[in-house]
Amino acid sequence: MKLKNALIVVNDMERSIRFYKELFGLQVILDQDGNVIMTEGLVLQDAKIWKNFIQKELVPKNNMTELYFEESDMEGFAKKLKASEFEIEYVTELMEHSWGQKVIRFYDPDGNLIEVGTPVNEQFHT
């Protein structure tokens with residue numbers, strides 16, 4: 001068995017596609033009317049459809065999971081976030097851990113937690 005995708009729930013599919021395309025360079029692979037598969041294994045699911053599937057209330061910003069991306073140029077990415085059209089709610093602005101990894105944590109437009117950090121193996125080569 002292997003993990004194929006990570007699915008997140010979104011309220012506005014077009015806004016979410018734009019968000020992940022503009023900030024992370026992801027592209028749509030397949031659009032199945034309320035379920036969009038993007039590159040890197042990210043799946044966007046329409047909130048109304050998801051709520052109908054699970055028959056439970058949806059809880060944005062639950063902080064129980066996060067999408068993790070790696071980026072070598074963290075200062076450049078931080079500037080890109082600030083200059084984007086999206087209102088970014090930060091959990092942790094650009095910081096450096098004691099082991100040398102730089103990270104930023106923030107929510108996507110639907111309250112899904114995202115972390116962007118310098119590649120873990122790069123910190124041992126500097």
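Contact here means heavy atoms within 4.5 Å. On that basis, in this predicted model, Glu22, Leu23 and Phe24 of helix 1 meet Phe77, Lys80 and Leu81 of helix 3. As for the geometry, helix 1 covers residues 13–24 and helix 3 covers residues 74–83, and their axes come within 10 Å, crossing at roughly 145°. The handedness of that crossing is right-handed.

Next up is empty space. Rolling a probe the size of a water molecule over the atoms shows where such space is left. The largest pocket holds about 490 Å³. It is lined by 23 residues, and Ile8, Val9, Val59, Asn62 and Asn112 sit closest to its centre. Strand 1 (6–10) and helix 2 (47–54) each supply at least two lining residues, with strand 1 giving the most, at 4 residues. By type, the lining splits into 13 nonpolar, 6 polar and 4 charged residues.

Most residues other than glycine have a negative phi. Lys61, however, has a phi near 55°, a positive value, and Asn63 also has a positive phi, near 60°. Lys61 lies in the loop between helix 2 and strand 5 (67–70), and the loop between helix 2 and strand 5 is where Asn63 is found too.

Terms used. Residues numbered from 1 in each chain as written. Predicted model: local features only at pLDDT ≥ 70, side-chain atom pairs only at ≥ 80, totals over all residues. Heavy atoms only, no water. Axes fitted to C-alpha atoms, helices over the stretch in contact; angles between N-to-C directions. Left-handed = near helix turned anticlockwise from the far one by under 90°. 1 Å grid on protein atoms, 1.4 Å probe; cavity = no way out; pocket = protein on both sides within 12 Å on 5 of 7 lines; lining within 4 Å. Points joined across faces, edges and corners; volume = space filled by probe spheres on them. Nonpolar A, V, L, I, M, F, W, Y, C, P; charged D, E, K, R; others polar.
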